[in-house]
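Subject: Structure handover

Hello,

Here is the structure for you to look through. Please open it alongside the notes below.

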Amino acid sequence: MKLLSIICCGFFCVMGVHAETNNVRSLSLQEAIKLAVAHNFDVQISRLTPDINSITLWGDYAAYDPSFSVGGSDGYSKSGSAYNTTTGTYTTATQSYDQSYNTGVNGLLPFGTKYNVVGNTERINNIYSGTEAPSQYTTGAGVSLSQPLLKNFWTDSSRTLIAVAKNTLKGSELDFRYNLISIVAKTEQNYYELICLYENIKVQETALALAKQLASENKRKVELGAMAPLDEKQAESQAAASQAALTEAQGQLDQQQNLLKALITDQYSDWHKVKVIPSDQLVAVQEKFDIQESWKKGIAKRPDLLSAKVSLESRGITLKYQKNQLFPQLDLVGTYGRNGLATSLNPAIDDIGNDRLPYYSIGATLTIPLSNRAARSAYRQTKVQIAQDMLRTKQLEQNILISIDNAIKSANTYYETIQSTRAAREYAEEALKAEQKKLEVGQSTSFQVLQLQKDLTAARLNEIRALANYNEALATVASNEGTTLEKYKLTVKVN
């Protein structure tokens with residue numbers, strides 16, 4: 001049986017929940033990926049499919065398992081006397097006792113030859129008119145062979161079944177690899193989303209603090225008669241809106257926690273009360289892409305494409321078998337053996353070794369189907385299916401090229417967006433500071449400061465969103481290229 005194992009290099013293997021104070025769990029991206037590899041349900045389920053197919057392949061070789069048979073019988077017959085009108089005499093009444101034993105081994109060889117090896121012993125006792133004649137022993141040992149020369153010659157159902165099963169196993173291993181890439185990529189993206197939401201909460205908390213501070217200052221000014229009550233209400237309204245935005249962000253964070261936990265554990269109850277805090281940060285490390293090189297990687301490494309090609313190869317194996325079934329059945333048959341005959345067992349057995357009574361035969365059997373419609377129909381159908389599968393494979397290749405191109409363009413766009421959103425955030429910070437100073441000396445209004453606070457919050461959120469989008473786009477590029485496992489030094493091996 002083949003077993004799939006995953007070897008992880010470059011970081012510590014994390015296999016469970018290590019809760020810290022107050023059920024807080026600091027988790028790096030590499031640790032999250034390792035947990036997903038070890039505990040994700042989809043990974044565990046798909047990992048078993050190659051094992052199932054390996055067992056199936058092992059069972060398919062049963063076509064070449066020989067069969068052993070052994071049998072025996074004990075018989076009796078009696079015939080009465082009768083008058084022979086030709087000779088004018090009476091035939092003698094006879095009793096006959098017969099004991100026979102036989103053994104045999106038969107089976108199929110990998111190149112289509114059928115064999116049958118037999119051995120037998122028989123003892124006959126005859127009694128003529130009450131007089132017992134000496135026992136007579138007959139023995140025999142021989143082999144018979146049948147070799148196809150046309151139909152079932154270069155392939156047959158057993159060889160085809162095994163060849164297809166080997167490809168099915170190979171395809172399931174590639175499907176597992178593809179599923180693993182998908183889970184690792186999802187873990188990356190959900191991890192970045194979790195960081196993004198934590199950063200969003202920080203931004204919303206800052207916005208709420210600014211709104212509350214302005215509301216407090218406006219209240220004091222209203223009490224002193226230096227500001228109209230409307231300004232106080234506007235600031236309080238902004239504080240309430242900021243509080244609502246913070247509450248919504250916290251709810252999104254809780255949901256995102258569960259999305260990540262669903263990917264990294266098969267024991268959700270153990271993680272339910274654990275608060276996962278990402279230890280990594282959202283950073284923008286610029287990647288230089290070579291579209292032609294990425295395309296080459298995608299065509300060479302994408303497991304789903306390789307699996308499709310393996311399936312196409314299986315169709316070809318089936319077509320080869322079906323083409324062979326169009327031929328007539330021409331079998332070369334032959335037998336060879338030796339018999340023994342004596343009044344006791346040992347001499348009868350010795351006769352076999354002495355080759356005193358040999359026998360052999362050789363011949364051929366030709367069977368020509370008069371229509372063979374079923375075989376011709378199956379052959380034509382498979383040819384059409386191969387043409388269809390080839391088109392699907394080419395379509396998948398094209399889709400891979402397009403997906404890689406789109407992912408690279410998205411990554412480049414998001415990287416440029418990071419620069420612009422960072423500049424917009426810096427400008428918004430400066431604008432708010434300047435407007436707050438103007439408000440302090442009575443040269444601005446509370447409404448203008450509130451608007452700039454909103455602008456700053458939006459600018460900060462946009463920058464964080466751009467950072468998350470960029471890192472998620474890099475994960476998508478690697479996934480579309482089929483290089484995710486290499487990126488994290490994950491090696492899938494078949495034991």
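Predicted model: local features only at pLDDT ≥ 70, side-chain atom pairs only at ≥ 80, totals over all residues.

Residues are numbered from 1 along each chain as its sequence is written, and side-chain values use heavy atoms, with hydrogens and water left out.

Helices here are DSSP runs (H or I, at least four residues), numbered from the N terminus.

Helix α1 spans residues 29-39 and helix α2 residues 41-60; they pack at about 45°, with axes 6 Å apart. Axes are lines fitted to C-alpha atoms over the stretch in contact, and angles run from 0 to 180 degrees between N-to-C directions. The angle makes α1 oblique to α2 (under 35 degrees is roughly parallel, over 145 roughly antiparallel, 65 to 115 roughly perpendicular, and the rest oblique). In α1, Ala-36, Val-37, Ala-38 and His-39 meet Phe-41, Val-43, Gln-44 and Arg-47 of α2; contact means heavy atoms within 4.5 Å.

Helix α7 (residues 303-324) packs against helix α9 (residues 373-440) at about 165°, with axes 10 Å apart. The two are therefore roughly antiparallel. Among the α7 residues that meet α9 are Leu-305, Leu-312 and Leu-319, and the α9 side includes Tyr-379, Ile-386 and Met-390.

Ser-307 also lies in α7. Ser-307 counts as buried because its relative accessibility is 9% (buried is under 20% relative accessible area, exposed over 50%, partly exposed in between, with a 1.4 Å probe and protein chains only). Beyond neighbours within four places in sequence, Ser-307 touches Gly-171, Leu-174 and Asp-175.

Regards
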